[in-house]
Amino acid sequence: MAERHLLYLDSTGLRIARVHRGQVSLENHFAPADGPPALAAWLQGHPGARCTLLADLPDETYHLEALPPVGPRDRRQLIARRQAQLRLDTPYITHQALGRAADAKAGGAPHDKILFAAINRPAALQAWLATFEQSRRPPDGVHMASHLAAALAPQLPGLPPLALLVWVGPGGLRMSCLDGGLLRFSRLTPASTAAGTGRWQTCHDEARRTHQYLIGQRAIDRSHATPVYVLAHPQDHAALGSACPDSAELQFQAVDLPALAKRCGLHNPIEDSDSLPLLLHLASRSRHLPQLAPVVLRRPHHLPHPATALGVLAASLLAASLVISTHKLLEAGQLREQADAALTESLGEEARARGLQAATPRLPLPADALQADYARLTALQPFRAGLTIFLHRLADALNALPGVELSALEWTLAPDPPRATASVELRLPANPNARPELIQHIVATLHHHTGSQAASAPDQHGPLRSPGGQADTDGRQLIRLELPVSPP
Amino acid sequence: MNALAPPLVRLRRPLIALTLSILGSGALLLWSQAEHDAADALLRQHTARLTQARATHQAARDAYTATRNGLRQLEALRGAGLLDAPDRQAWQQHLLKLQGKLPLDKLEWELGPFAPAATEADSPSAGPPSALRVSTLHLKGEVAHEGRLLPLLERPGNSSNGLFLPRRCRLAHKQPAPDAAGTPALAADCEIDWIFLPLPDAP
């Protein structure tokens with residue numbers, strides 16, 4: 001795995017530190033005179049090292065600009081135009097958005113605050129970056145140490161919206177102005193003037209000077225005392241307190257540097273007021289520090305190493321195929337279980353069917369033919385004595401009808417469906433006056449004795465003849481009745 | 001080409017790993033898909049077999065039920081004597097005996113042979129063919145009165161085989177002549193079926 005290295009550049013040279021799991025270890029220090037060749041040699045000796053350059057140089061410029069709220073594309077063009085208007089004559093310039101604000105007093109429209117930061121003396125940085133370029137080892141990023149003040153702000157409890165933050169590093173004493181937790185201004189006093197016992201006196205003087213400057217810039221309100229947070233080891237707090245007394249304008253507050261470093265996750269022991277280990281640790285953990293170097297000088301972050309990409313691709317392919325194959329194999333297992341269950345059940349059904357077939361006796365006739373013949377015989381059976389019984393009942397009816405005689409009878413049994421019909425022809429008595437009542441009486445009597453209702457009105461008129469013509473032998477009237485006979 | 005060679009050399013192992021990964025993944029996917037397809041085909045085959053087995057079992061159950069029902073029907077028919085063939089000779093003797101006992105000189109009959117019972121359902125589309133057999137007695141002639149006719153319409157006294165069924169009968173009274181005392185006065189034309197269900201001989 002590639003090692004992460006932080007390169008700290010100040011006016012005394014370049015320090016190389018290795019940062020790993022909260023541990024910061026300084027490995028090399030290259031002076032400006034012979035530094036670039038030594039850096040080139042170091043880069044050659046560490047082909048897998050990933051480097052981030054942190055510039056802590058005194059010649060810096062900070063400009064706060066207000067931009068109208070526009071779309072992203074216009075905003076980029078507007079920032080580039082303002083940056084050109086600054087005429088800073090350096091390629092090492094960056095900007096940072098400080099949020100949106102409205103000029104309440106002027107009643108103006110809301111605007112976006114942009115802080116431009118630049119290194120005025122590019123030569124101090126250029127030689128080192130040229131070494132990276134010549135070695136074909138672009139750094140991961142080039143940042144200004146002042147921007148780390150914003151990373152420290154969340155770790156300072158009770159930090160007011162507007163405050164000064166002071167720390168001491170190898171490059172000197174840096175004083176930064178934080179506005180709402182974001183960097184508004186920073187100034188580095190070189191180490192030559194901030195060393196030794198006079199360091200805290202320098203701190204006091206620089207704080208006053210910076211305060212006056214910021215008042216002149218209308219960045220600080222003079223009506224309130226400005227808090228000044230100074231990162232220092234507890235052993236220096238007494239000297240700091242005596243050198244930096246509070247005044248109506250400034251209120252100094254010492255911050256326990258080792259305790260702060262511990263809160264920030266640094267595992268190195270802090271034995272003096274040098275904040276460099278903490279700054280390097282914060283730089284290694286901060287992901288969104290403004291980039292100072294042009295894009296062409298930086299290592300592209302979005303492109304992973306081809307070997308890594310190929311390895312990830314191969315592993316992804318294998319993992320995806322494993323997941324899909326496992327899913328399919330699990331499904332196949334379930335299908336096989338279902339198939340086995342179906343086979344077991346079908347074998348059981350087949351065995352039961354065979355047992356039932358073996359236990360089924362054979363009929364002498366096909367079952368459906370037997371069923372049909374059985375139904376027919378069952379339906380016909382009630383009619384076996386139908387004619388005899390009907391004749392007896394008819395005889396009983398005629399006995400009750402004096403003078404009425406049977407002339408003819410036709411019995412018919414239709415087989416499908418079985419139904420019997422009797423057509424009866426009766427000869428009426430000779431007295432014509434009684435005929436209408438007699439016929440009704442005959443029908444009622446027949447119905448009473450045989451149980452059959454005449455299907456139609458009896459033909460009671462018979463043949464009509466001339467008075468002198470040939471009549472029946474006895475001249476008696478005939479009637480015919482159609483009687484459906486129900487089974488006995 | 002030479003400029004490209006060093007990067008390719010550096011990427012040789014990752015490329016080999018990627019190639020092996022592609023090949024392995026492809027083989028794994030093909031094998032798992034083949035296993036899945038085989039299991040799916042097996043399930044379809046066994047499901048079809050199960051469907052067929054269920055249908056066979058249901059058909060066997062239906063056949064068993066129909067057979068048991070048929071056996072009960074045969075027992076009922078046997079109990080009613082409808083499986084036994086009528087004795088035509090006994091019928092003939094019965095008629096001769098009645099003719100000798102009663103004055104039936106003007107009566108003729110014909111006792112037909114056993115033949116398949118023709119039904120309206122005997123058309124090809126009307127279902128299974130009937131196995132019923134029938135012998136038809138055709139009576140025609142004159143008798144003195146209905147009382148002489150009734151014994152002819154009844155089953156022979158000692159026979160209980162078959163179904164004795166008057167199918168058609170036409171009776172007509174003749175006009176009595178003044179000088180014809182004692183002559184037959186009733187014309188009869190009747191057909192009587194004697195039906196039974198013959199069973200084939202057991203093999």
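Author: Helices (H or I, at least four residues) and strands (E, at least two) are DSSP runs, numbered from the N terminus. This is a predicted model, in which local features need pLDDT of at least 70, side-chain atom pairs count only at pLDDT 80 or more, and totals for chains, interfaces and linings use all residues. Residues are numbered from 1 along each chain as its sequence is written, and chains are lettered from A and ligands numbered from 1 in the order in which they are written.

Reader: What pattern does chain B follow along the sequence?

Author: Chain B reads α-α-α-β-β-β-α-β-β, with 4 helices and 5 strands.

Reader: How many of its residues count as buried in chain B?

Author: Of the 203 residues of chain B, 24% count as buried, that is, with 20 or more other C-beta atoms, placed from the backbone, within 10 Å of their own.

Reader: Turning to chain A, what is the strand order of the open sheet?

Author: The order of the 5 strands is β3-β2-β1-β4-β8 in chain A, with mixed pairing; two strands pair if DSSP finds at least two bridges between them. The edge strands of chain A are β3 (23-30) and β8 (141-144), each pairing on one side only.

Reader: How do β4 and β8 of chain A run, parallel or antiparallel?

Author: Strand β4 (residues 50-55) of chain A runs parallel to β8(A), and 4 bridges join them. A:Leu54 stands opposite A:His143 in β8(A).

Methods
A residue is buried if 20 or more other C-beta atoms lie within 10 Å of its own, exposed if 12 or fewer, and partly exposed in between; C-beta atoms are placed from the backbone.
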